[in-house]
Structures are given as C-alpha cells and as structure tokens.
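Hi everyone, thanks for coming.

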Amino acid sequence: MRDIKNREDIYFLIDNFYKKLLSDDLVKHFFLDILKQNHLEQHLQIITDFWNGILFNSPDYKRNAMQPHLILNKSKPFKNEHFKRWLSHFTSSIDENFKGEKAEMAKTRALSIATIMEIKMTTNS
Ligand code: HEM
C-alpha cells in the first residue's frame with residue numbers, strides 16, 4: 001500500500017469516505033440537503049480542496065470550515081456518537097487504501113479538528 005501523494009488521491013479517499021457516510025443511518029441525515037440540492041460533487045470538491053491544503057499546503061480552500069457545522073448544529077444537533085462514527089469512517093477509508101506519513105497526518109488532523117469542533121458546539125449551543 002502507498003501513501004497519499006496528490007489531489008487525485010485525496011479525491012479518491014474522500015469519495016470513498018462519503019460512500020460510507022451516506023450509507024450510514026446514524027450520520028446520513030446531516031447530508032440530505034446536499035443530496036437534495038444535487039450538490040454532492042461540488043461538496044466533494046470542496047472537501048478535497050480542504051484536505052489538499054492540510055496535507056500539501058495547497059491554497060485552494062479559503063473558506064471557514066467550522067462555520068457551516070455550527071449553523072447545522074442548531075437544526076441537527078451533533079452528538080459525540082456522530083463524531084465517533086465520522087472519525088471511524090474517515091480512518092477506515094484511509095487505512096483501507098493508504099499507508100504512510102500523509103495518511104497518518106490526515107488521521108491525526110481529523111481527530112484534532114473533530115475534537116475542537118465538538119468542544120465549540122457544546123460551548124456555543
Ligand atoms: C459528525 C461529524 C461531521 C458531520 C456530520 C459533518 C457534516 C458536514 C456537512 C453536512 C457539511 C456541509 C455543510 C453545509 O454546506 O451547509 C460539512 C461541510 C464540511 N465539513 Fe463536515 N462534518 C463533520 C465533521 C467534520 C470534520 C471533523 C471536519 C474536518 C476535519 C469537517 C470538514 C468539513 C469541511 C471542510 C466542510 C466544507 C465547509 C465549507 O463549505 O467550506 N467536517 N460537513
């Protein structure tokens with residue numbers, strides 16, 4: 001198995017990750033608006049840009065990743081079990097396909113951002 005090496009690999013990873021999220025009854029309700037509006041492809045590209053920035057310092061993602069979650073949390077509360085499931089799908093999507101320094105970096109960063117996100121949600125709601 002090889003490491004994540006470019007944007008194409010990240011897209012492959014994210015596409016795989018979202019297949020797991022969208023077929024999981026515990027978390028799929030968060031994504032229904034995206035599906036309803038037919039925005040899945042656009043969303044996957046945004047998430048790919050985000051990770052391309054984290055792993056390869058690409059400047060393409062210039063938005064605020066925290067904001068849409070804080071807004072969504074008001075109508076669809078995020079609980080610890082959702083974060084745990086999100087992280088487990090993210091981690092398994094990586095482990096099933098990639099191995100190496102970037103693969104480890106992605107898992108570590110996902111855990112730290114998810115932890116911060118969860119804290120922000122419980123202090124803002
Ligand atoms: C329970 C866990 C999570 C769920 C259910 C979730 C769900 C979502 C949903 C539904 C959106 C679209 C929001 C919108 O456009 O209105 C979104 C956007 C996004 N999420 Fe998450 N998310 C979770 C955790 C995370 C974590 C931990 C990260 C980062 C490591 C992350 C990164 C992003 C990014 C970059 C966007 C795009 C924001 C933008 O529009 O610029 N998410 N997420």
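I'll start with the chain as a whole and then turn to the ligand.

Please keep in mind that this is a predicted model: local features need pLDDT of at least 70, side-chain atom pairs count only at pLDDT 80 or more, and totals for chains, interfaces and linings use all residues. Residues are numbered from 1 along each chain as its sequence is written.

So, what is the chain built from? There are six helices and zero strands, where helices (H or I, at least four residues) and strands (E, at least two) are DSSP runs, numbered from the N terminus. Along the sequence the pattern reads α-α-α-α-α-α.

Now the overall dimensions. The C-alpha atoms fill a box of roughly 40 × 30 × 30 Å along the principal axes. Of the 125 residues, 17% count as buried, meaning that 20 or more other C-beta atoms, placed from the backbone, lie within 10 Å of a residue's own.

Let's move to the ligand. Around it sit 20 residues, and Arg63, Pro68, Trp86, Ile113 and Ala114 come nearest; a residue counts as near if its C-beta atom, placed from the backbone, lies within 6 Å. The elements giving two or more residues to this shell are α3 (40-56), α4 (66-75), α5 (80-95) and α6 (101-124). Which of them gives the largest share? That is α6, with four residues.

Finally, the shell divides into 17 nonpolar residues, two polar and one charged. Here Ala, Val, Leu, Ile, Met, Phe, Trp, Tyr, Cys and Pro count as nonpolar, Asp, Glu, Lys and Arg as charged, and the others, Gly among them, as polar.

Notes
A residue is buried if 20 or more other C-beta atoms lie within 10 Å of its own, exposed if 12 or fewer, and partly exposed in between; C-beta atoms are placed from the backbone.
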